[in-house]
Amino acid sequence: MEIRKVGVVGAGTMGSGIAQVAAQIGCQVVMRDIEDAFVDRGMKSIDRFLSKSVEKGKIASDEKEAILGRIKGTTDMSELKDSDFVVEAVIEDMELKKQVFKELDSLCKPEVVIASNTSSMSITEIAAATKRSEKICGMHFFNPVPLMRLVEIIRGYSTSDETISTATDLAKKMGKVTVEVKKDSPGFIVNRIMIPHMLEAIRIVEEGIASIEDVDTAVKNGLNYPMGPFELMDLTGVDVAYFVTEYFYKELNKESKWVSPNLLKTMIRANRLGRKTGAGWYEYNK
Ligand SMILES: NC(=O)c1ccc[n+]([C@@H]2O[C@H](COP(=O)([O-])OP(=O)(O)OC[C@H]3O[C@@H](n4cnc5c(N)ncnc54)[C@H](O)[C@@H]3O)[C@@H](O)[C@H]2O)c1
């Protein structure tokens, strides 16, 4: 089936990026969130990103308008019913994801693949909320979606080969590099590697070994990473790092290495969630 219309559930950091890259390859896109304000915020962030691309001479301004013209923001889930492919990008909460998948399952055409952009959670468990578990897979984009090249394609217990190749082909069409995660396991590849690195960075600061700035400087200059762990958490969401850590603890045998440092919990309680709240490990509103 040719994918002409893509449905995106969630207009946040990731949903808006996914909607943009789908529209850039010529698909019609419907992006749904629960409140008009969230839909508007998502549309504005796409507009901002595309305006920068125009300024840099990467795209023409009429191309920008054409891309924006292919994206329809809505709060009405039923507008996704004639989608040819759907990506879910709501917050990292299993019960919410199951509820969204159940709703999508009853709404979408039976042949449609529904992918979750979860950073860590079980595709098998999400798929079990539907009657089309062979059509459910993980499609893990990275932040910022239009710039980051990787997409992890994740197989749940019942995911068919056809579903994997449909999602892989779509990601490749979007210009992405894909890897297949053959077994449904918490955090897949990248987050299984990245979360311990973030937790160790927080513990180093908590133990008074070095400052936030110096940990970031050390990682950038000593490991040649483009961003330090604190800068990266502020970009991707301190809450996302926390949710993923809590999930790892629950799913990976409650090993002590996955216990959230107190400092991470304090950041969540202080609502210092990163760039999106104006402050995280660093201040952004000054
Ligand atoms: N932020 C990252 O760097 C990153 C990277 C890869 C994957 N992810 C994953 O992507 C997903 C989304 O993360 P995010 O950072 O975009 O979160 P976000 O908080 O920026 O956006 C989530 C959006 O989902 C909306 N939402 C909640 N319930 C909804 C519903 N029933 N229908 C439609 N929209 C609903 C919220 O209003 C919010 O706008 C999560 O599963 C996260 O783990 C995040």
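Ser51 is part of helix 2 (residues 36-55). Helices here are DSSP runs of H or I with at least four residues, strands are E runs of at least two, and both are numbered from the N terminus. Ser51 counts as partly exposed, because it has 13 C-beta neighbours inside 10 Å. The cut-offs are these: 20 or more other C-beta atoms within 10 Å of a residue's own make it buried, 12 or fewer make it exposed, and anything in between is partly exposed, with C-beta atoms placed from the backbone. Between the C-alpha atoms of Ser51 and Glu65, 14 residues apart along the chain, the separation is 9.8 Å.

This is a predicted model, in which local features need pLDDT of at least 70 and side-chain atom pairs count only at pLDDT 80 or more, while totals for chains, interfaces and linings use all residues. Residue numbers start from 1 along each chain as its sequence is written.

**Overall build**
- The protein has 11 helices and eight strands.
- Its radius of gyration is 19 Å, close to the 19 Å from the globule rule for 286 residues, so the protein is as compact as a globular protein of that length. The radius is taken over C-alpha atoms, and the rule is 2.2 Å times the number of residues to the power 0.38.
- The C-alpha trace spans about 55 × 45 × 35 Å along its principal axes.
- Buried residues make up 43% of the 286.
- Of the contacts between residues at least 6 apart in sequence, 64% join residues at least 24 apart. A contact means C-beta atoms, placed from the backbone, within 7 Å.

**Two domains**
- Domain 1 covers 5-181 and domain 2 covers 192-277. These bounds come from an automatic or database domain assignment.
- Their centres, taken over C-alpha atoms, are 26 Å apart.
- Six residues of domain 1 are in contact with nine residues of domain 2.
- The side of domain 1 that touches domain 2 has one nonpolar, four polar and one charged residues. Nonpolar means Ala, Val, Leu, Ile, Met, Phe, Trp, Tyr, Cys and Pro; charged means Asp, Glu, Lys and Arg; the others, Gly among them, are polar.

**Around the ligand**
- The shell holds 27 residues, and Gly10, Gly12, Met14, Asn143 and Thr236 come nearest. A residue is near a molecule if its C-beta atom, placed from the backbone, lies within 6 Å of it.
- Both domain 1 and domain 2 supply at least three residues each.
- Helix 1 (13-24), helix 4 (94-107) and strand 6 (136-141) each give at least two. Helix 1 gives the most, with three.
- By class, the shell has 13 nonpolar, 11 polar and three charged residues.

**Helix 8**
- In helix 8 (residues 212-222), Val215, Asp216 and Val219 are buried.
- Viewed down the helix axis, these buried residues fall within an arc of 95°, so they line one face of helix 8. The arc is that of the directions from the axis to the C-beta atoms.
- Asn221 and Gly222 are exposed on the other side.
- Helix 7 (190-206) and helix 9 (229-236) are among the elements covering the buried residues of helix 8.

**Helix 9**
- Seven of the eight residues of helix 9 are buried, including Phe230, Leu232 and Thr236.
- The buried residues of helix 9 pack against helix 7, helix 8 and helix 10 (238-251).
- Gly237 follows helix 9, with a positive phi near 110°.

Definitions and conventions:
Two residues are in contact if their C-beta atoms, placed from the backbone, lie within 7 Å.
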